[in-house]
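Dear colleague,

Please find below the structure that I am handing over to you.

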Amino acid sequence: MGERIGIEVSLAIAEAAKMANVDVIAAYPITPQTHIVEHLAELVASGEMDAEYILAESEHSAMSACLGSSAVGARTFTATAGQGLELMHEVLYVASAMRLPVVMAVANRALSSPLNVWGDQSDLMAVRDTGWIQIICENGQEAFDHTLCAFRIAEDQRVLLPVMIHTDGFYLTHVVEPIEFPKQDEVDRFLPPYQYPLPLDPDKPVTMGAFAPPILYSEAKKAQEVNIRASKKIILDHWAEFGKAFGRHYHPIEQYRTEGSKTLLMTLGSFGETAMTAVDKMRNEGKDVGLLKLRLWRPFPFEELRQAVGNAEVLIVVDRALSFGGPGGPAYSEVRSALYSKKKRPRIVGFIGGLGGRDITVAEFEGMVKRGVEMVKAGSEQEFEMFGVRE
Amino acid sequence: MKKSEGELTWKDLEIGAIVTEPGSTREYRTGDWRSQVPRYDFTKCIKCGLCQLYCPEGCIRENAEGYFQANLFWCKGCGICAKECLTGVIYMAEEEE
């Protein structure tokens with residue numbers, strides 16, 4: 001096994017890209033992601049890392065350059081956050097539709113306006129439908145592990161899809177954590193070299209990203225949808241292999257103290273850590289509360305969610321993003337939709353909190369559980385509630 | 001192409017809808033975008049070939065008599081050839097197909 005090192009999570013993500021032997025990094029710095037690409041730039045400049053570093057003039061150009069390098073068969077990495085992710089938005093769809101296995105770390109951040117550089121998941125939700133595989137991390141170790149895993153998943157010949165690794169801005173990116181680093185030869189064994197089946201090659205020309213008229217576009221989209229849906233099983237296989245190799249096991253829905261829970265809380269990302277403390281406290285007080293943590297956002301783990309919910313009577317989903325004028329937080333509305341066909345399903349309550357760097361404390365998680373159960377008892381038909389907003 | 005566009009299923013497409021067959025765009029009929037069609041009075045033609053140079057579709061070829069004529073499978077009826085013709089050979093008429 002490797003070594004446990006105290007390191008800022010952003011730097012650990014950059015080190016994971018280095019250990020993955022990335023060939024090309026095309027990026028543009030933006031808070032709170034900057035330390036990731038800054039560290040990669042240092043590694044390339046000092047010769048510690050043998051890669052091309054392209055400093056693009058914007059995130060739109062950074063992602064466009066990533067498509068080109070991935071298409072020639074170069075292992076490609078980038079990172080962004082918030083507004084930067086929005087600026088590359090249209091190119092994200094191209095990456096997935098062209099089946100280019102770019103790996104991108106996203107330091108989740110609020111969206112303007114008002115200008116706010118702090119953490120929430122508005123950027124994550126805004127790119128929900130871009131066709132990327134999306135994995136959400138809870139702590140620094142996970143951010144490191146999933147960056148490594150992402151290359152193996154993305155570049156699998158049966159998958160060939162870009163992967164986003166979501167890591168909460170500041171809450172994770174800017175904290176120093178003890179992170180277990182594997183040895184380079186262990187990583188090399190885990191991560192086979194990248195081979196794109198139809199690369200851009202002057203000796204064997206192909207046309208990529210050509211247009212499709214109405215008579216072909218639907219067929220192209222169906223192929224894409226079948227592909228990402230089928231990728232779930234392969235993602236789980238690679239996570240299982242990672243578990244065997246490195247001893248840390250990952251699942252699409254992580255469960256914490258859910259045995260026999262009548263009430264379940266659900267979180268995405270780093271807030272799961274605080275929620276665990278809240279669950280421990282409530283369990284110690286004799287309340288049967290458990291926690292679900294959504295790791296695999298796309299492809300959505302429908303079966304695993306239905307199974308994890310079990311016989312719970314109340315499910316409280318906490319979103320850190322809003323769908324303005326819509327049915328509540330995006331995760332909440334998707335969870336509600338996924339459970340609709342279940343014969344015996346829990347009542348589902350949505351809360352929105354933790355926006356733009358606002359914390360959700362242990363006491364507030366307890367408050368959400370209390371309020372959620374009350375709402376269900378009162379037969380409330382309210383779609384959702386923004387939690388902790390001053391009236 | 002082995003199959004026409006209308007026969008291709010989603011399973012027939014290469015990954016990422018990559019096109020592996022060179023020149024397959026030739027199979028794509030753009031002629032049906034046309035609302036005007038070029039007509040010719042070759043008695044005025046000096047066979048200069050300017051229309052061929054200007055055609056943005058690249059669909060004008062010399063015929064057996066040495067006159068330049070658009071292939072209507074691809075011609076989109078933009079009218080540039082008619083506009084550029086020095087001797088007024090080409091004129092645009094309403095497409096009635």
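**Findings**

Along its sequence, chain B runs in the order β-α-β-β-α-β. That pattern comprises two helices and four strands. Please bear in mind throughout that this is a predicted model.

The overall dimensions of chain B may be of interest to you. Its C-alpha trace extends over about 55 × 25 × 20 Å along the principal axes. The radius of gyration of chain B is 17 Å, whereas a compact globule of 97 residues would have a value near 13 Å. Of the 97 residues in chain B, 18% are classed as buried. As for contacts within chain B, among those between residues at least 6 apart in sequence, 62% link residues at least 24 apart.

The two chains also touch each other. On the side of chain B, 14 residues are in contact with 18 residues of chain A. The residues that chain B brings to this contact are eight nonpolar, four polar and two charged.

In chain A, one residue was examined individually. S61(A) belongs to helix α3, which covers residues 59-71 of chain A. Is S61(A) buried, exposed or partly exposed? It has 17 other C-beta atoms within 10 Å, and therefore counts as partly exposed, since a residue is buried at 20 or more such atoms and exposed at 12 or fewer. Y28(A) lies 33 residues away from S61(A) along the chain, and the C-alpha atoms of these two residues are 8.7 Å apart.

With kind regards

Key:
Residues numbered from 1 in each chain as written. Chains lettered and ligands numbered in written order. Predicted model: local features only at pLDDT ≥ 70, side-chain atom pairs only at ≥ 80, totals over all residues. Contact = placed C-beta atoms within 7 Å. Nonpolar A, V, L, I, M, F, W, Y, C, P; charged D, E, K, R; others polar. Rg over C-alpha atoms; globule rule 2.2 N^0.38 Å.
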